[in-house]
Amino acid sequence: MALEYSEKYIKDILQEIETIAVVGASDNCERDSYKVMEVLIHHGYKVFPINPLHQGKIILGQLCYADLDSVSERIDMVDVFRDKDALIGVTREAINVKAKVLWTQLGLVNYEALDMAKKAGLKVVMDRCPKIELAKQN
């Protein structure tokens, strides 16, 4: 079953949010998570890289955190670059930190996580890339 989202739904989310946690962030400029973070920062979002392997490092000028709970500021959106099996745990963390949006990257769909996030009141976008969606809006 393909997930469909209206252009308005996506556009409204990208206009409403200010802060984004990128779960699975990489310090490797060849990785998609790095490239997406770069675009998000360029578009004026405050970005929090999340990766326990890079905790305490600076990625694209931003301090990297081990997990969502370690970020003391409000997180509006959680953008996930992890495998499908990690998504339930990330969704629980997103709910716990009171994020407004759970977003998963291209190819990443988990219906259990989708249901869990929606029941907790989060908006959900799966199998999309915010870098691509932002480019459509210009």
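Reader: Which residue in β2 does Ile20 stand opposite?

Author: Ile20 stands opposite Val47 in β2. Please note that this is a predicted model.

Reader: How many bridges join β1 to β2, and do the strands run parallel or antiparallel?

Author: The two strands, β1 and β2 (residues 46-50), run parallel and are joined by 5 bridges. Between them the chain passes through helix α2 (residues 32-42), and this β-α-β crossover is right-handed.

Reader: What about β5, and which residue there is the bridge partner of Val23?

Author: The bridge partner of Val23 in β5 is Val80. Strand β5 (residues 77-80) pairs with β1 in the parallel sense, over 4 bridges.

Reader: Which way do the residues of β1 point?

Author: Thr19, Ala21 and Val23 point one way, whereas Ile20 and Val22 point the other way. In a regular strand, side chains alternate between the two faces of the sheet.

Reader: Why is β1 described as largely enclosed?

Author: Strand β1 (residues 19-23) is largely enclosed by the rest of the structure because 5 of its 5 residues are buried.

Reader: Changing topic, where does Pro130 lie?

Author: Pro130 lies in helix α5, which spans residues 130-136.

Reader: Is Pro130 buried or exposed?

Author: Pro130 is buried because its relative accessible area is 0%, and the cut-off for buried is under 20%.

Reader: With which residues is Pro130 in contact, leaving aside its neighbours within four places in sequence?

Author: Pro130 is then in contact with Leu14, Val36, Leu40, Asp79, Trp103 and Gln105.

Reader: And how many residues apart in sequence are Pro130 and Lys11?

Author: Pro130 and Lys11 are 119 residues apart in sequence, with a C-alpha to C-alpha separation of 9.9 Å in space.

Technical notes
Residues numbered from 1 in each chain as written. Predicted model: local features only at pLDDT ≥ 70, side-chain atom pairs only at ≥ 80, totals over all residues. Heavy atoms only, no water. Buried < 20%, exposed > 50% of the residue type's maximum accessible area, 1.4 Å probe, protein only. Contact = heavy atoms within 4.5 Å. Pairing = 2+ DSSP bridges. Right-handed = clockwise from strand over helix to strand, strands pointing away.
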